[in-house]
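Hi,

Here's the structure I said I'd pass on. Have a look at it first, then read on for what turned up.

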Amino acid sequence: MTPCRASLSGRSHAGKHVGHGGHTEILGSKITGAFSLITVLSPLSLVMSELPSRRIDRRYCLAVAGCAAFAGMAGCRPSHAGPPRVDKVWGRRGISEGRFQRPRAIAVDKKDQLYIVDMTGRIQVFDAEGRFLRYWRTPAIERGKPVGIAIGQEGQVLVADTHYHRLLVYTQSGRRLPESTIGGEEGTGPGQFGFVTDAVQTADGFLYVGEYGQNDRIQKFDPQGRCVSQCGGHGDAPGQFRRPQSLKLGPDGRLWVADACNHRIQIFDIEADPPKLVGLWGKPGTAPGCLQFPYDFAFDGRGGLLVCEFGNQRVQRFTLEGEPLGIWGEPGRLPGQLSRPWGIVADSRLRFHVLDTYNHRVQRLKI
Amino acid sequence: MHWGNWHISFVHPAYLIVAAVLIPVIWLVSFRSLAGLGPVRRVLALTLRSLLVLLFAVALAEIQWVEKSDRVTVIYVLDQSESIPPAKRRLMLEYVVRQVRRHRNARQRDRAGVVVFGRQAVVEVPPFDDDLPPTTQVESTLGETDATNLAAALKLASALFPEDTARRIVLVTDGNENLGQVREIAPSLARNGIGIDVVPVKLTTRAEVAVENVILPSRMRRQQKFRGRIVLSNYTDDDKAEPVRGVVRVTRSSGGREEPVGEDVPVELKPGKTVLTFEHEIDSPGIYTYKATFVPENAEDDLMPQNNVATAFTHVQGKGRVLLIEDHMHPGEFDFLVDRLRAMNLEVDTMSTSTLFASLAELQAYDVVILANVPRSSGDDETSVAAFSDAQIQMLANNTAQLGAGLIMLGGDRSFGAGGWANTELEKVMPVDFQIKNAKIKAVGALVMVMHASEMAQGNFWQKVVAREALKTLGPLDYCGILHWSDFGRDSWLWRPGLARVGTRRKTMIRALARMTPGDMPAFEPSMRMALAEFRKNKASIKHMIIISDGDPSAPPRALVQRFAQDGIKITTVAIGAHGVTGTKTLQDIAQITGGNYYRVRNAKALPRIYQREARRVTRPVVKDLANIPPRLVLSHPIVSGIRDDFPPLQGMVLTTVKENPLVEVILRSPDPSDNRNNAILAAWTYNNGRAVAFTTDAGYRWANAWTSWPHYDQLFSQMVRWAMRPAEDDEAFDVATTVRDGKVRVTITALDTENQYTNFLGLTGAAIGPDQKPFSFPIRQVAPGRYEGEFTAREAGSYHITIGGRGPGKPPLIVGANVPYSSEYKDRTSNVELLKELAALRPQGGQAGKVIGDDLTPAKLESLVKANPFRRDLPRAVTMHEAWPWFLFVAGLLFFADVAVRRIAIRRETWQRWIEPIRKRLRRRTEAVEVEAKLQRLQKRKEQLADDLSRKKAATRFEPDTIPTEELDEVAPPVAAAASKQKPDSGATFDEPEESYTDRLRRAKEQARRKLKRNDAEEDAE
C-alpha cells in the first residue's frame, strides 16, 4: 500500500498548487506512479520467475495484472466535483486585448456576448467561445475599479462604478450615455451612494441599484433616473444587507440578492414598493449547503440556481428554495478549480460562465 | 538525434558502455544455454534481455530530452538618475512601451520587463508575455536618484530572466556610472548568454554652473581667524560665451542653527573656474558646517540646481557640551535636570524629536547626547508622528562607538524597551538589553495586525514593511499574530498558533511575512472575531490590534467592536489609499469605539513610523511600578563618587536585561525585581571609543520625584555626564588636513610633540563613517618625519567623519571631517558613449554582439529607435532539460516481465490454436463470407456441367485405357481441385472429384497430335 498512498498524496498536492510549474508536477506524479509500478512488480516477478513453470501460468499472469492495475492507480485522486462539467477554459493574465487583470464582474447579453470588467478598468466584450470582440474603459480608476456589470432591458450595459459612487450606462458598442448615469455623489441620502455593487432593470424600466459601505441598501430608480424608494440597511436582520453584491431578477419575477457578507440569498417582491422581503436562505460555512461570501449567482432554467462563492471558491447548485443539489469546483489553478471567483452568468444555451478572478480566466460549465 | 526543437542527451554517457559490453556477452553466453527454448523463443528471449540491458544503461546514463526554445525575453533597464532631464526619463517609458508593442512576438510568447534604476535598481514590470501597460511615469519606489548604479541594475535584470528563453537587456542610459563597476559584471552576463543592446541618452551641452568645493581647515582653535575658499565652475563649450551672473551666499550651521556669513557676494562667472575667498572666525567649540550656494540671476543660465550648493565642515575643540533630546509630545519634562546641569557649569542644548539632527556632523558639536525618556517614534496622528529613522539611530550609535561621544539614556515610560528601541543599533551600544528575556517577569504584550490588500501602488509591499517593523519592536516574550485573507478564500492567521510568542521565531515570522500575499478581504467581521477569540485565550497584560486597509471591506457589527472595548483591547486603524468618506468612516468608527488611534495615510512611507508607534503600546509591560523603594548602591564608581548609599525612593523603572559582558558595571540596583539580570537602575560601560550609561528610572519628573530635593542630585547627574563625556584633547600638536580629489579623500597628519619635535613611528589607524553611516577603516602610513598619510575612496557625496587613533595609550582619537560636496551625478555633462559601446560590443556566448541603437533618445528620433528590434533571434536559444530516464526505467521494468515470461512460460501449439482459432474464425467470417458464397455458386455450376459431360461420354466409351502423360492431365484438373481443397475445411462443401474417362483422354491426345502436325506443316511452309 505504501507506494500508492505516497503517490496519492503527491498528486493531491499537485492538484492544489499547480501554477506555472503545474506541468512539471503532473509529470512528477506520473513518474511517481511509474516508480511505484516498478517497485511492486520487479521483486514480484523475480519471485515468480523462480517458481516451477507449470504452476505460474495463471497465477503469474493474474498477479502481474493485479499489481499493474494497483500501481496504475498512482496519480488517481478522488474527485469531489460532480456535474456540471467544464466545457471550456479561456483567458490569460495580461493587459493587452483579450487578457485579464483580475476580472471582477461579468454579464451576458441576448446574443450571448460576454461583458467582463477587470482591475484595469476595462470592459471587454467576448463571444461565448471567448473570442475577443472589443473593449472600452471607464472614465477614471484612480480611486478604484468597478465591481459590477449588468445588461439593461434595451441591451444597454450598466457598469457599477463602485468607488465613484455611480452607475455608468453604455451602449453595447461602448459609447457612454452620460445622461443616463445614476448617482455620482457620495452619501447616504436618496440617489446618493456608498460603494455601488450591481444593478438590475425590470421590464418597465425601473432600476434597482445595490450598494454597501455606510448604508448597505438597494435603491429603486424610475426610468427617468429618480430615486423612488429604497430597502435594506446595514445589518444581519432579515431584509438588511451586508454587501448586497449581486442583484438579479428571478424566473418568478422577484428580485434576488446575494447578501455576500451575511452569507445568504434574499428574495424581494418588487411588486410592493418599497420591495418586500419574501424569502431568505443560506447560512455561513464550508459544508455543502452553506455559503461563504456568495458574490454572484445565475438561474439554471430548470428550477434552480448556481451560486458563486468567493469564500469557498466553488459553485454550488441550489433549488430555488435553497436546497443544495451539488457542488462544483475547489480551490486551485487547474481547469475545474477556482481561485476566489467573483461572478457567474448563464447564456441562452444555459451554459454557465464562471469568472475565475484570481486565475484571470473564465471557465464555461455545462450541466 | 534531433526532432525539430527536441533532441536527446545523456548526463553520464559512460554508462552506455555497459550496454555495449553486456549485450554481446549475453548473446554469446546464453545462445547455447537457451537452446532448449526452441529457435523462436530463444531469439525472443535474448532480444528482450538485450533491450532490457539497453534501457537500464540508458536510464543509468540519465537520458534527457533537450528542448530548444525560440522565445526571447527582453528586459529594459532604464536610467532614472537625475543627470538625465525628466523629459527624457519619461520618453524612455514611451519608447519601451511602443517598441514592445511593435516587435514582441506574441505567438512565440516573448516576454518583456522593465527595471528602473538610480542609486538602487527596482523592478518596474517583471518579465511577462504581454505588452507593457502604457505609462508616462515610473510607479516603483525608486529611492534616491542622485547616483547612477549601472552594475546594480544589470545584476537585477540578469536575475529576473526566466530560464526557458533567450535573454537580452536593452540599456537606456547616459552611461555615467558613479556607483558600482559595470565593467566587472558585464562580462559575466555575456558568459551567461545575455546580450546587451544600448540606447544612448545624450546630455545636451548647456550653460551650467556648479559650486565645486568649499575649502576650510579641518580643525582649528577658538577665535582663530581663518580663510575659506569657494571654487565655482562655469561649464560651457563656448569660450566666448557671456559670463553667468548671480550671487554667492555663505552660511554657517552648528547644532541645528543656521546663520549667514557676511552679505551675499555678487559674481560674474566666466567660462572656467572662479575662486572666491572669505574670512571668518569661530567663538565657541563644536562642529561647524559652512555652506556656499550660488543663485543665478537668470535661471536658464544654470539648468541643474542640485550642484549649486557645496558644504564643508570644521571642528573646534572646547569644553564639554551636552545635547539633551526630549519627546516633542512632552516638552519641558526634563527642564529641572537641564537647569541643574547648567548650574554645574555644563553647556546643555535641548533638541526636540520633531526637529531631530540630520547628520552626524550636527552631533559632533556635543560630547554627550542624553536621550531623555524619548521613544523611537511618537505622535498621535499622521501629521504629528515623529520618529528616529534607521539612519539617525545609526548616527547615534556611531557617534559613541566610533567618534567617542558619550550616550546617556534616561528612563521613563517611553524609554528603553517601552520606547520601542528594542532590536535597534542603539541597543547594542547600551550596557543593558531592552528586552526581557526572563519568563518569571510578567511583562508580556500581544499584538494582532490585520492586513487587507490595498489598491494603492505597492500597497502590499508597504504592508509587509510595516508589519516587519512592528514585529521587530516586540520583545521575545510578547505575542504577535497577523490576519489576512488567504489564497484559501478565508481569513487566516499567518502562523500557528494565531497569537504566537515572538521568542526565537522572530526570523521565521519575518520570512512568513515576506511570503504573504494579502487578499481582498470582503468583510472585517470574520478576522475581528478570530482576533477576539485569540485575545481572550491569551494572558498578555496588554493587548492591541492594528487594522490596515483601504476601507472597502464590509463594516463589522457594532456589538463586535464594543466587545473589544469591553475587553480593554484598543484597535488602531490605518486607512491607506482609502476610497473616500465611505471607506474611512468604517475605520474611524472602529478606532473611536475601542479608543484606538485612526490614521489616514496618503504617503505609504509614513506607515512604518505609525506601526512602530502602535507596536510600542504592547511593549509597555516592561514598565514596572515600584513601591517607593530606594535603589541599592552595589558598586563604587566615578559616577557615584562621594555619594553615600542613601538614595531616595523610586516609584517606577523600566525593566531591562543587563548585558552579559564583564565590561558592564551595574552601579545601582532596585530591590524589586530581585533578579539581578533585570533590576539595574544605573549601569555603565565603555563601548569601543565611547561610553554609555543606562539610567532606567526618570530624572525626577514622575518616578523619582523625591530625588529633586535630594542634596546629591546635581552631583550624581553632573558626574554621570562628565564620566560619559568625550575626553578632552591633550596638548600635543597634531595637525590634520583632508583633501578631496577625484573621488578620493586624503588625510595628512603632521605629528609634533609638546616640544614641537616630530613624533615618528606612531601606529596610527584611520576609521571613517561615510554618508551611509557605515563605519570603515583605512590604513595610515608614515611618509616623512612626523608626517603620515592615509586615503580612501569616497563613492558617495556627503560628510565623512574621520577618526585617527593609535596615538598612544590613554590618548583620545583625533576627529576631523571631509566633505564630498555633491554626487558626481551632477558633474556629468556628457554621456559616456564609450562605455556604452563597450557594453554593446560584448558578445554573448553562442550569439551575436549587441547593438547601439541610435545616438540619442529624443522625441524626433523616437520612431526610428522604435524600429530597432530587440526581440531579434540572434541570441543563443534557451535549452530546457526534461528528465526522461524514469520513463526508460519504467519501460525496462515492464520488459522485465516479458523477459521472464518468455523464458518460463511455454505455451503448446494446441493451446495457441485454441486461443487463436475463435478470433481467426470471427475475423474470417467477416471478411470472407461474401467471397465463399460466390465460390460455392461457381463450384456448383461447374459440378453440374461436369456431371452432364460424364454421362454423355460414358455412352461413347469403346477403347481400353492407355498411358497418358501426367503433365497433360494437370493442365485440365487443377482449378477445380485447388478450389475444392481450399474450401474444404471451412465451407464443408464436398463433391466427387470429376474423373476424366479414357475416351476423353484419347480424344484429347488425338487433337493435340493433330494440332502439332499442323504447326509442323506451317513451319515448313514458312521456311
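Let's start with two helices of chain B: B:Glu525, B:Met528, B:Arg529 and B:Leu532 in H12(B) meet B:Leu560, B:Arg563 and B:Phe564 in H13(B). A contact here is two C-beta atoms, placed from the backbone, within 7 Å. Helices (H or I, at least four residues) and strands (E, at least two) are DSSP runs, numbered from the N terminus.

Before going further, some housekeeping. This is a predicted model, and local features need pLDDT of at least 70, side-chain atom pairs count only at pLDDT 80 or more, while totals for chains, interfaces and linings use all residues. Residues are numbered from 1 along each chain as its sequence is written, and chains are lettered from A and ligands numbered from 1 in the order in which they are written.

**Chain B helices**

Back to that pair. The axes of H12(B) and H13(B) come within 11 Å, crossing at roughly 25 degrees. That angle makes H12(B) roughly parallel to H13(B), and the crossing is left-handed. For reference, axes are lines fitted to C-alpha atoms, for helices over the stretch in contact, with angles from 0 to 180 degrees between N-to-C directions. Under 35 degrees counts as roughly parallel, over 145 as roughly antiparallel, 65 to 115 as roughly perpendicular and the rest as oblique. Left-handed is when the near helix is turned anticlockwise from the far one by less than a right angle, right-handed if clockwise.

H12(B) covers residues 525-537, and at 1.5 Å a residue its 13 residues should span 18 Å; the end C-alpha atoms are 19 Å apart, which agrees. (The expected span is 1.5 Å times one less than the number of residues.) Which residues of H12(B) are buried? They are B:Glu525, B:Pro526, B:Ser527, B:Met528, B:Ala531, B:Glu534 and B:Phe535. Buried is 20 or more other C-beta atoms within 10 Å of a residue's own, exposed is 12 or fewer, and partly exposed is in between, with C-beta atoms placed from the backbone. The cover over those H12(B) residues includes strands S25 (445-451), S26 (479-485), S27 (491-493) and S29 (542-549), plus helix H13 (558-566), of chain B.

Another packed pair is H6(B), residues 335-343, with H16(B), residues 713-724: their axes come within 9 Å and cross at roughly 80 degrees. H6(B) and H16(B) are therefore roughly perpendicular to each other. On the H6(B) side, the contact uses B:Leu337, B:Arg340, B:Leu341 and B:Ala343; on the H16(B) side, it uses B:Tyr713, B:Asp714, B:Phe717, B:Ser718 and B:Val721.

Then there's H19(B), residues 885-904. Its 20 residues reach 29 Å from first C-alpha to last, close to the 28 Å expected. Its buried residues include B:Phe888, B:Phe896 and B:Phe897.

**An open strand in chain B**

Is S15(B), residues 272-281, buried or in the open? Of its 10 residues, the number buried is zero, so S15(B) lies largely in the open. S11(B), residues 225-235, runs antiparallel to S15(B), joined by 10 bridges, and B:Val231 has B:Val275 as its bridge partner.

**Chain A**

Chain A has three helices and 24 strands, and 45% of its 367 residues count as buried.

One open sheet has four strands in the order S2-S3-S4-S5 (chain A), with antiparallel pairing. S2 (105-108) and S5 (132-137) of chain A are at the edges with a single partner strand each, so one side of each has no neighbour in the sheet. The twist averages 20 degrees from one strand to the next. (Strands pair if DSSP finds at least two bridges between them.) S2(A) and S3(A) pair over four bridges, with A:Ile106 opposite A:Ile116.

Another four-strand open sheet, also antiparallel, goes S6-S7-S8-S9 (chain A). Its edge strands are S6 (148-151) and S9 (182-183) of chain A. S6(A) pairs with S7(A) over four bridges, and A:Ile151 stands opposite A:Val157.

A:Gly184 is in the loop between S9 and S10 of chain A, and counts as partly exposed with 14 C-beta neighbours inside 10 Å. Its C-alpha is 6.2 Å from that of A:Tyr164, 20 residues apart along the chain.

Last one: S20(A) and S21(A) run antiparallel, joined by four bridges. In their hairpin, which has four residues between the strands, A:Gly322 takes a positive phi near 95 degrees.

Cheers

Technical notes. Expected span 1.5 Å × (residues − 1).
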